[in-house]
2 protein chains.
Amino acid sequence: MAPALPPLTVPALALPGWVRGWLARRAGSPLRGDDARMALVIGLAAENARRGSGGPFGAAVFERRSGRLVAAGVNCVTASGLSWAHAEMVAIALAQRARGGYDLGARGLPAHELVTSSEPCAMCFGATPWSGVARLVCGARAADAEAIGFDEGPKPRGWVRALAARGIEVVRDVRRAEAVAALRSYGGPIY
Amino acid sequence: MAPALPPLTVPALALPGWVRGWLARRAGSPLRGDDARMALVIGLAAENARRGSGGPFGAAVFERRSGRLVAAGVNCVTASGLSWAHAEMVAIALAQRARGGYDLGARGLPAHELVTSSEPCAMCFGATPWSGVARLVCGARAADAEAIGFDEGPKPRGWVRALAARGIEVVRDVRRAEAVAALRSYGGPIY
């Protein structure tokens, strides 16, 4: 018998079923300002925890100036069986799908920003420049996620400066207390 | 008119069509040792460049001890329109699909290793601990990829030690000259 070939297709990754209705009720109009955008992604994080559909992390890509929601993501690691499926990575991939290409900073597109309920881990930090976003807005700090047991990985100490040097503005501690409350609401597995 | 909802599904990501036949001809038996495994992923990198199906990068996940190929990946960024689709990320996702879960280091599984034709970028470095692999084998250095114009991102200076501290052994410069030749064979877009 010939040995089986390894798999050749990464399966599609769907957001949890509740996201459609949740977004339809909340995300109809553009969201002005960091606070309103952060409230949305903290809501996604808390709902993902409450529903048991993944880790307590939410993220979204917005058009920076208009505040139009381009894509939203939640942590889908356990449901998808894929370790890359952090909220930020899912939001970026969905935004790239919405925009039809791998570079959200491409000529002819409006500037995009990534808003995340919790500071990106080492992987999502490394993915940020490749995504083409021009700005990164964070709620909770890595230390807050680590305080509930999540590992944020070996991010360079000067990560904010490293993104700034690449033209990506970083804003931290937006609604941090609420973002921390969403983290603390989580009772599922740590991975 | 109600505003359109953002996309809710990241589409499936298929390896380029040539990979099936290429692997079927080469990957039937377990590959013993780093040199043989590296030769396979350099072949994937060179073929991806030659066919114009993506960047000159190949990677694979093997069972460390048996040398059985679990999954192979090539860079699919331009074809997929997804900035996360680096060869290492694709190989890890396919290996997790093959193993049925997000942790290749889970109890009951054999140890896995990631073999990559070129040292991981900042994103793939950050993704390595989350994947569950126990070992990382690299061909070309980041500086080699940067010499042909690719950006490897802000990886921590002590990245090898950082992985070692997490129990992930790193081996570098395996068939480096051949890996560099594969990089140099590339004539496609830089992104």
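How close do the axes of helix α1 and helix α2 of chain A come, and at what angle do they cross? In this predicted model, local features need pLDDT of at least 70 and side-chain atom pairs count only at pLDDT 80 or more, whereas totals for chains, interfaces and linings use all residues. Residues are numbered from 1 along each chain as its sequence is written, and chains are lettered from A and ligands numbered from 1 in the order in which they are written.

The axes of α1(A) (residues 18-26) and α2(A) (residues 33-51) come within 12 Å and cross at roughly 150°. Axes are lines fitted to C-alpha atoms, for helices over the stretch in contact, and angles run from 0 to 180 degrees between N-to-C directions. Helices (H or I, at least four residues) and strands (E, at least two) are DSSP runs, numbered from the N terminus. The two helices α1(A) and α2(A) are therefore roughly antiparallel to each other, a term applied to angles over 145 degrees. The crossing of α1(A) with α2(A) is right-handed, meaning that the near helix is turned clockwise from the far one by less than a right angle. In this pair, W18(A), W22(A) and R26(A) of α1(A) meet L40(A), G43(A), E47(A) and R51(A) of α2(A); contact requires C-beta atoms, placed from the backbone, to lie within 7 Å.

In chain A, an open sheet is formed by five strands in the order β4-β3-β5-β6-β7, with mixed pairing; strands pair if DSSP finds at least two bridges between them. From one strand to the next, the twist averages 15°. Strands β3(A) and β4(A) run antiparallel and are joined by five bridges, with G58(A) opposite V74(A). Their hairpin has five residues between the strands, and G67(A) takes a positive phi near 80°.

Strand β4(A) is mostly covered, six of its six residues being buried (20 or more other C-beta atoms within 10 Å of the residue's own, all placed from the backbone). Helix α4(A) (residues 87-99) lies across β3(A) (58-63), β4(A) and β5(A) (112-118), running at about 150° to β4(A). A91(A) touches A59(A), A60(A), V61(A), A71(A), A72(A), G73(A) and L114(A), residues up to four places away in sequence not being counted. The largest nonpolar core has 134 residues, and those with the most contacts inside it are A91(A) and A91(B). Such a core is a set of buried Ala, Val, Leu, Ile, Met, Phe, Trp, Tyr and Cys residues joined through C-beta atoms within 7 Å.

Between the chains, the axes of α5(A) and α5(B), each spanning residues 122-131, come within 7 Å and cross at roughly 155°. The helices α5(A) and α5(B) are therefore roughly antiparallel to each other, and their crossing is left-handed, the near helix being turned anticlockwise. The contact involves A122(A), M123(A), F125(A), G126(A), A127(A) and W130(A) of α5(A), together with A122(B), M123(B), F125(B), G126(B), A127(B) and W130(B) of α5(B).

In chain B, an open sheet of five strands has the order β4-β3-β5-β6-β7, with mixed pairing. Five bridges join β3(B) (residues 58-63) to β4(B), these strands running antiparallel, and V74(B) is the bridge partner of G58(B).

Conventions:
Two residues are in contact if their C-beta atoms, placed from the backbone, lie within 7 Å. A residue is buried if 20 or more other C-beta atoms lie within 10 Å of its own, exposed if 12 or fewer, and partly exposed in between; C-beta atoms are placed from the backbone. Angles under 35 degrees count as roughly parallel, over 145 as roughly antiparallel, 65 to 115 as roughly perpendicular and the rest as oblique.
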